[in-house]
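The sequence and the structure come first.

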Amino acid sequence: MEKEQLGRRIKAFRKLKGYTQVEFAESLHISVAILGPVERGKTSPDDQLLERIIETLNISKAELLLEDKEER
């Protein structure tokens, strides 16, 4: 999965779960300066951050990483 697509999916799940960017960053114990570029697809989260994102959003890794047909 490309960085941009992963970032869009993280942002979409964050919004679906009702988190603001600030709230979500705080729950992950990172700054918005780190989360913002991840959501914009400028950087990729490392494995540890990716696991925290999945855990915080209460979704499976497959839900986050599997592409939807509409996204292709």
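The model is a predicted one, in which local features need pLDDT of at least 70 and side-chain atom pairs count only at pLDDT 80 or more, while totals for chains, interfaces and linings use all residues. Residues are numbered from 1 along each chain as its sequence is written, and side-chain values use heavy atoms, with hydrogens and water left out.

Phe24, Ala25 and Leu28 are the buried residues of H2 (buried means under 20% relative accessible area with a 1.4 Å probe, protein chains only). Because these residues cover an arc of only 100° around the axis, they lie on the same side of H2, the arc being that of the directions from the helix axis to the C-beta atoms. Just after H2, His29 has a positive phi of about 60°.

## H2 against H4

The axes of H2 and H4, which are lines fitted to C-alpha atoms over the stretch in contact, come within 10 Å and cross at roughly 115°, with angles running from 0 to 180 degrees between N-to-C directions. In the contact (heavy atoms within 4.5 Å), Phe24, Ser27 and Leu28 of H2 meet Leu49, Arg52, Ile53, Thr56 and Leu57 of H4.

## Helix H1

Among the buried residues of H1 are Leu6, Ile10 and Phe13, and the buried residues of this helix pack against H2 (21-28), H3 (32-39), H4 (47-57) and H5 (61-65). Gly18, which follows H1, has a positive phi near 85°.

Key: Buried < 20%, exposed > 50% of the residue type's maximum accessible area, 1.4 Å probe, protein only. Helix = DSSP H or I, 4+ residues; strand = E, 2+ residues; numbered from the N terminus.
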